[in-house]
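I opened this notebook to record what I looked up in one structure. The entries below follow the order in which I took up each topic.

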Amino acid sequence: MSPDSITPGSVRSAAEVNEQIRALWMRAGGTLSAQERVEYELLVVEWAAAIRGEVIEAA
């Protein structure tokens, strides 16, 4: 997955994004390249937004 494929306002759940983060770490073998680091950072931002959305939805 390239960072370009992550769109702002994604409707993916936090669990889906978390699974992608885990898969990225598994593929990378625990050490991220510069490109993977960019992807990881974007995924973490998306995950945090999804968590916030789920908390607001629950309230």
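**Basis.** I worked from a predicted model, in which local features need pLDDT of at least 70, side-chain atom pairs count only at pLDDT 80 or more, and totals for chains, interfaces and linings use all residues. Residues are numbered from 1 along each chain as its sequence is written, and side-chain values use heavy atoms, with hydrogens and water left out.

**Helix α2.** I took helices as DSSP runs (H or I, at least four residues), numbered from the N terminus. Helix α2 spans residues 34-58, which makes 25 residues. From first C-alpha to last I noted 36 Å, close to the 36 Å expected at 1.5 Å a residue; the expected span is 1.5 Å times one less than the number of residues.

**Buried face.** I called a residue buried under 20% relative accessible area, exposed over 50%, and partly exposed in between (1.4 Å probe, protein chains only). Which residues of α2 are buried? I listed E36, E39, L43, E46 and A50. Their cover includes α1 (14-28), where contact means heavy atoms within 4.5 Å.

**L24.** This residue lies in helix α1. Leaving aside residues up to four places away in sequence, L24 touches L32, E36, E39, Y40 and L43.

**Surface patch.** W47, I51 and V55 make a nonpolar surface patch of about 250 Å². For patches I used residues with over 30% relative accessible area and no salt bridge, nonpolar side chains (Val, Leu, Ile, Met, Phe, Trp, Tyr) being joined within 5 Å and like charges within 9 Å. V55 belongs to helix α2 and counts as exposed because its relative accessibility is 53%.

**Salt bridges.** I required a side-chain nitrogen of Lys or Arg within 4 Å of a carboxyl oxygen of Asp or Glu. How many salt bridges result? The count is two.

E46 pairs with R12, the closest N and O atoms being 2.5 Å apart. This pair links distant parts of the chain, with E46 in helix α2 and R12 in the segment before α1, 34 residues apart. I noted E46 as buried at 9% and R12 as partly exposed at 26%.

R27 and E39 meet at 3.7 Å, N to O. Here R27 in helix α1 is joined to E39 in helix α2, twelve residues apart. R27 is exposed at 54%, whereas E39 is buried at 6%.

Technical notes. Helix = DSSP H or I, 4+ residues; strand = E, 2+ residues; numbered from the N terminus. Areas by Shrake-Rupley, 256 points an atom, 1.4 Å probe, with all protein chains shown as cover.
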